Amino acid sequence: MQKVVVMGLKIDFKNLLSLENPYKSLKKIHILNVVLNKNQTEMKLEDLGYNKNLETFRKQQNLDLFDIGRVIAEHKDRYVVKTSITEYDAELIGNLRFTAESRYDLPAVGDWVAFSEYNENKALIHAVYPRHSIIERQAVGKSSQIQIIATNVDYALIVQSVNRDFNINRLERYLTVCNTSNVEPIIILSKIDLIEEQVLKVLINDIKQRIKDVVLIPVSNQSNIGLEKILSFLKKGKTYCLLGSSGVGKSTLLNKLSGQELMTTDEISARVDRGKHVTTHRELIVLENGGIFIDNPGMREIGITDATSGFEITFNDIIELAQSCKFNDCTHNNEEGCAIQMAIEKGEIDSESYANFLKIEKEKSFFELSKEEKRKKDRNFGKMIKDIKKQRKQNKY
Ligand SMILES: Nc1nc2c(ncn2[C@@H]2O[C@H](COP(=O)(O)OP(=O)(O)OP(=O)(O)O)[C@@H](O)[C@H]2O)c(=O)[nH]1
Ligand SMILES: [Mg+2]
Ligand SMILES: [Zn+2]
């Protein structure tokens, strides 16, 4: 029997087709490079980010019996799935919902899914294609609860405004998330019309002191400075995810880049009154001039998840230095021959950057610990059930 393995799930292909399939015949397979009627905008699946790897997977798993589309929005249990032709209001097929072991097995914005249409623009999602990247964060206040921000992202635009939002520690945090997620970061310094040029120079210099090798683009949505530069970066078929606090101008930027009023934006004073963010859910949008954007509601905090590798990339300088401390178990506080302390004294490492490193490292260890505890709990629970079963068998009750 043909088995489809999707995100670690094994599904019998036969079941997949017969279960809960309200339609009789699988119809219409979307062909790539569909040419539409002249009066419609022509769009290819590649413009939505479709690529060779996905096509290979589709063939290998015989998923070409289904349609394929990309999740562009998520509302509770419903998803909006976009193809090169239209959009569908989709829900999960029961099998997928019930066999999902974690959040990772369910679709998120940015995912490619195998689906079938059962009514006009209504669809059932059967499987999620493997992802090439996942941007995730730890949900605030809940230990080791992961929230998926977006998947299959190529670049993250980390937006920080020069006024009240400016905070290099937070930038390093976002960078760590990107480095962990296999997503290339670009820093967008927004609202530069609000400050003097001299002040801007200082801010840029401060960032460059601590963050090297990351593209930084100062932008004003008011004077349009920097927009051309972002546009020149955009590549057709690549996915860009907007990250940053509420009110920094993410949606305004997206409107500017597209030349249309796609997203609702609002004044900060108005949003405080209402006590909520202007953008309320994630959404994927395809720009005509190339580039696929995912807009997000602003984030108040960005918790670090299992960020080992990302962490090491962000704080590469510090981690490399630690190798040359005199003692292997150096805590880098006040030991003799501590390379980090020496570098801080010489001004080679920024002391604030180091403090931030320690803070994120602590959080990361805590996250790993709580994850391990959770695993232990799951194991214990499993063992308990097993014991109960064994006892039952022995006592025959
Ligand atoms: N001065 C100035 N104001 C801007 C700029 N960009 C955006 N704004 C204003 O900032 C406010 C917030 O902009 P939004 O685009 O809604 O911010 P957002 O990041 O999408 O916010 P959330 O959706 O809540 O996450 C609006 O009033 C915008 O007009 C800019 O470059 N300069
Ligand atoms: Mg917004
Ligand atoms: Zn040391």
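Reply: Take S13. Thr-239, Cys-241 and Leu-243 point one way from the strand, Tyr-240 and Leu-242 point the other way, and all are buried. Keep in mind that this is a predicted model.

Me: What is the general idea behind the two directions?

Reply: Side chains in a regular strand alternate between the two faces of the sheet. S13 shows the pattern, with Tyr-240 and Leu-242 facing away from Thr-239, Cys-241 and Leu-243.

Me: Why is S13 described as largely enclosed?

Reply: Five of its five residues are buried, so the rest of the structure largely encloses S13.

Me: Which strands pair with S13, and in what sense?

Reply: S10 pairs with S13 in the parallel sense, over four bridges. S15 pairs with S13 in the parallel sense too, over three bridges. For residue positions, look at Leu-157, which stands opposite Leu-242 in S13. Towards S15, Cys-241 stands opposite Ile-294.

Me: Now a helix. How should I read the directions there?

Reply: An α-helix has 3.6 residues a turn, so residues three or four places apart point the same way. Now look at helix H7, residues 250–258. Its buried residues are Lys-250, Ser-251, Thr-252, Leu-253, Leu-254 and Leu-257.

Me: What covers the buried residues of H7?

Reply: The cover includes strands S10 (155–161), S11 (184–190), S13 (239–243), S14 (283–286) and S15 (292–295). Helix H6 (227–233) is part of the cover as well.

Me: Which residue follows H7, and what is its phi?

Reply: Gly-259 follows, with a positive phi near 70 degrees.

Me: How do I judge a positive phi elsewhere?

Reply: Most residues other than glycine have a negative phi. Asn-62 is not a glycine, yet its phi is positive, about 55 degrees. Asn-62 lies in the loop between helix H2 (52–60) and strand S3 (67–75). Asn-121 is also not a glycine and has a positive phi of about 55 degrees. Asn-121 sits in the loop between strand S6 (112–119) and strand S7 (122–128).

Me: Why does Asn-62 count as partly exposed, and why does Asn-121 count as exposed?

Reply: Count C-beta neighbours inside 10 Å. Asn-62 has 13, so it counts as partly exposed. Asn-121 has 11, so it counts as exposed. The cut-off for exposed is 12 or fewer.

Me: Let us turn to the core. Which residues touch the most other members of the largest nonpolar core?

Reply: Val-113, Phe-115 and Ile-125 do, in a core of 61 residues. Domain 1 (3–128) and domain 2 (136–295) both contribute residues, so this core lies between them. Phe-115 has contacts beyond four places in sequence, including Phe-66, Val-81, Tyr-88, Ala-90 and Ile-125. A second, separate core has ten residues, among them Phe-315, Leu-321, Ile-340 and Ile-349.

Me: And the chain as a whole?

Reply: The chain has twelve helices and 15 strands. Buried residues make up 32% of its 397 residues. Take contacts between residues at least 6 apart in sequence: 66% of them join residues at least 24 apart.

Me: Where does pLDDT stay under 50?

Reply: One stretch is residues 1–40, for which the model has 58 contacts beyond four places in sequence. Another is residues 269–275, with six such contacts. Where pLDDT is low, the predicted coordinates should not be read in detail. The chain averages a pLDDT of 79, and 73% of the residues score at least 70.

Terms used. Residues are numbered from 1 along each chain as its sequence is written. Chains are lettered from A and ligands numbered from 1 in the order in which they are written. This is a predicted model: local features need pLDDT of at least 70, side-chain atom pairs count only at pLDDT 80 or more; totals for chains, interfaces and linings use all residues. Helices (H or I, at least four residues) and strands (E, at least two) are DSSP runs, numbered from the N terminus. A residue is buried if 20 or more other C-beta atoms lie within 10 Å of its own, exposed if 12 or fewer, and partly exposed in between; C-beta atoms are placed from the backbone. Two residues are in contact if their C-beta atoms, placed from the backbone, lie within 7 Å. A nonpolar core is a set of buried Ala, Val, Leu, Ile, Met, Phe, Trp, Tyr and Cys residues joined through C-beta atoms within 7 Å. Domain bounds come from an automatic or database domain assignment. pLDDT is the predictor's confidence in each residue, from 0 to 100. Two strands pair if DSSP finds at least two bridges between them.
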